[in-house]
Amino acid sequence: MNPLIFALLSLAGGLGAALRFWLDGFVKSRFTGAYPLGTTIINVSGSLILGLITGLTLGNLVPQELFFILGTGLMGGYTTFSTASFETVRLVQQRRWVAALMNGIGMLVLSVLAALLGLTLGHAL
């Protein structure tokens, strides 16, 4: 990896984190409740996009360098497994069992299915 790709990957990571921060705030301003809907939307949509980028890269429609920038950088900064884990623990501490199960297991299942859908779409193009 050359220094330019590394710099672009780093910038994309920061952009992804800023996008996550904005989207989570937007969702929280529109939907109230105990369930962390913003994190679910972020992780599921990020998994879909990463799957799509990966499928396009495997089909040689996206260069490997752009995959690093968009997949590793942008989507790496955008998605947040650590926040989802922390929010699940917080829900368990609050004895919100259904929300905790939905957040811990439901989001994982949805994210895997979204990644599979994105990968399939990327291969089909």
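## Asparagine 103 and its surroundings

Leaving aside the neighbours within four places in sequence, asparagine 103 is in contact (heavy atoms within 4.5 Å) with Tyr35, Pro36, Thr40, Ala84, Glu87, Thr88 and Leu91. Asparagine 103 lies in helix H5, residues 97-124, and is buried, with a relative accessible area of 1%; buried means under 20% relative accessible area and exposed over 50%, with partly exposed in between, for a 1.4 Å probe and protein chains only.

## Basis of the model

This is a predicted model, in which local features need pLDDT of at least 70 and side-chain atom pairs count only at pLDDT 80 or more, while totals for chains, interfaces and linings use all residues. Residues are numbered from 1 along each chain as its sequence is written, and side-chain values use heavy atoms, with hydrogens and water left out.

## The protein as a whole

The protein has 5 helices and 0 strands, where helices (H or I, at least four residues) and strands (E, at least two) are DSSP runs numbered from the N terminus. The C-alpha atoms fill a box of roughly 50 × 30 × 25 Å along the principal axes, and 35% of the 125 residues count as buried. Among contacts with a separation of 6 or more, 73% come from residues 24 or more positions apart.
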